[in-house]
Amino acid sequence: MSRIKLSFLVATILTLLLLAFTVDAQSSADVVFDLEAYGNIVPGTDITTALANAWKDACASGRSSAIVIPGGTFEVREGNFAGPCKNRIDFQLGGTLRAPKALPGDNWIIFAHIDRLTVSGGGVFDGQGKEAWGKNDCHKRINCAQLPVSLRFNFITNSIVTRITSLDSKNFHINVLGCNNLTLHNINIIAPGNSPNTDGIHIGRSNKITITKSKIATGDDCISLGDGSRQIEVANVTCGPGHGISVGSLGRYTNEEPVEGVLVKNCTMINTTNGVRIKTWPGSAAGGTATDMHFLDIIMVNVGNPILIDQEYCPWNQCNRQVPSKIKISKVSFENIRGSSATPVAIKLICSRSFPCEEVKFRDIDLTPNGITGPITSQCTNVRPIVSGKQNPKICASPYQPPLNCSLNNSWNCSLS
C-alpha cells in the first residue's frame, strides 16, 4: 500500500472516530440545540446572543438537552447561563470562546442554579487576561477593583465539568460557590507564573466537590479552599507554576463558615512557591475552625515551603501580625510527602498563640534540598506535632515552646489576655 493511500486511510479512520465520538456525545441528550441554528455562526464573530437564545430553549426543554458549540474561535461578551432548568443539560464546547480584552464587572461566564449540568467538549475558555494583569493593584489596596472571574459555578448540584481548558483568566480561572456534588475532571488551566490573583480553582461554601486528573499552571494558588468548604477531594492534580494547593486564606471576613473534611492525595507540585499549606489571617475578623484535613502521597519537585501552616498570613502587610489568628486548626495529617525543597525551611508550622494547632500528624516525610546550601530544617510555633515513620528533615528538633498564656490539660486552654 502506498504512503498516500495509507495516510488517506488513517485520516479516514480518525475522521470516523471523531464523528462517532461527536455522535455519542450528542446522542446522550434527547434534544440537541446546535448553535449554528441560531444565526450565522462563523469563527471570529460574536455569538453572545446566539448562545443566550440556545440556552433559553435548552433550559426550557422538558427533555434532556445539549448545546453544541462547533470548532473555531468565537467572541463572547458575557454568558449568564441560569436555571433552574426542566431537565439535565449539556454544554458542549468544541472550539474557543474568547472574552473581551476589557471587561467590566467581576464575571465573564456564569452557570447558576442548575441541577445535572455537564460542561465538556475539549474546548477553551480564553479570558484574554494579559492586558488586565497590569491593572491589578490588589497588592497595594485592600479595597481594590475586582477583575472578572472567567468561569463561575454558583449553586450547581449533581454535575460534572470535564475536558475543558481555561486560558489566561483576568482573575480566578474557576470559582465554585454554594455547590453540592460537583466533579471537575480532566481540567487544564494555563496562565504564566507572574499573572496576579489567577487562582486555578477556588472553592467556597460548597459540599462534596471533587477535582481529579487535572493540570494547573497559573500565577496564584492552583487550588484554594475558602470558608465553608466541606468534604473536598483533590486527586491526581499536577500543579506548577503557581502557589501550591491551599486551604484558605481564612479569617479575613466576618461570618465565615467552618472548613471540614479535606483530602489531597496523589498530587505533584513542580516549581511552585508553596506546596501544601493552610493559611489564616492574623487579627481575624471573627473566630472559626478548620479541621479534618489530610495531605498524602504528594511529590514535591523544587518546591518552596513544601509543607506550611501559616496563621500569620499577611500578604503585602495588609494586616497586623501582632494580633493572633482566631481560626482554630485541628486534625491535620501529612503522610508520604517526598521530593525536593527549594527553601531551607521545608516544614514550617506557625500556629496561633491564642488558638494553638492540635492533632497535627506527620508520617513518612522525605524531603531533600535543591539549589540551596546546607541541610533543610523545620520550624514549629504553638504546635506539638505527632511524628512517626521517616523524618527528613527532622520535624521540630528544637525544644518545644508552649504557647503564651496557655496550659495543657489533654488540650490547650488559652487565655486571650
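Student: What makes the link that joins C380 to C396 a disulfide?

Tutor: A disulfide is a pair of cysteine sulfur atoms within 2.5 Å. The sulfur atoms of C380 and C396 are 1.4 Å apart, so the pair meets that definition. This is a predicted model, in which local features need pLDDT of at least 70 and side-chain atom pairs count only at pLDDT 80 or more, while totals for chains, interfaces and linings use all residues. Residues are numbered from 1 along each chain as its sequence is written, and side-chain values use heavy atoms, with hydrogens and water left out.

Student: Which hand does the link of C380 and C396 have?

Tutor: The torsion about its S-S bond is 60 degrees, and the link is right-handed. The pair links distant parts of the chain, 16 residues apart: C380 is in strand 25 (residues 377-381), and C396 is in the loop between strand 26 (386-392) and strand 27 (406-409). Helices (H or I, at least four residues) and strands (E, at least two) are DSSP runs, numbered from the N terminus.

Student: Why is C380 called partly exposed?

Tutor: Buried means under 20% relative accessible area, exposed over 50%, and partly exposed in between, with a 1.4 Å probe and protein chains only. C380 has 22% relative accessibility, so it counts as partly exposed. C396 has a relative accessible area of 17%, so it is buried.

Student: How many disulfides does a search of the whole structure find?

Tutor: The search finds five. One of them is formed by C59 and C85, with sulfur atoms 2.1 Å apart.

Student: Why is the disulfide of C59 and C85 called left-handed?

Tutor: The torsion about its S-S bond is about -105 degrees, so the disulfide is left-handed. C59 lies in helix 2 (residues 48-60) and C85 in the loop between strand 4 (79-82) and strand 5 (89-93), so the pair ties together parts that are 26 residues apart in sequence. C59 counts as buried because its relative accessibility is 9%, and C85 is buried because its value is 18%.

Student: What joins C314 to C319?

Tutor: A disulfide joins them, with an S to S distance of 1.9 Å. C314 is buried, because its relative accessible area is 5%. C319 has 25%, so it is partly exposed.

Student: Where does UniProt place the feature "active site"?

Tutor: The unreviewed UniProt entry places it at H243. UniProt positions are in the numbering used here, feature names are shortened, and annotations may be inferred rather than shown by experiment. H243 is in the loop between strand 16 (230-239) and strand 17 (245-250). At 23% relative accessibility, H243 counts as partly exposed. Contact means heavy atoms within 4.5 Å. Leaving aside neighbours within four places in sequence, H243 is in contact with residues including D221, N274 and R277.

Student: Why does R277 count as buried?

Tutor: Its relative accessibility is 7%, so R277 counts as buried. R277 is in strand 19 (residues 276-280).

Student: What makes a polar contact with the side chain of R277?

Tutor: The side chain of D221 does, at 2.9 Å. A polar contact is a pair of N or O atoms within 3.5 Å; within protein, one must be able to donate a hydrogen and the other to accept it, and residues adjacent in sequence count only if both atoms are side-chain atoms. Neighbours within four places in sequence aside, R277 is in contact with D221, H243, I245, S246, V247, L308 and Y313.
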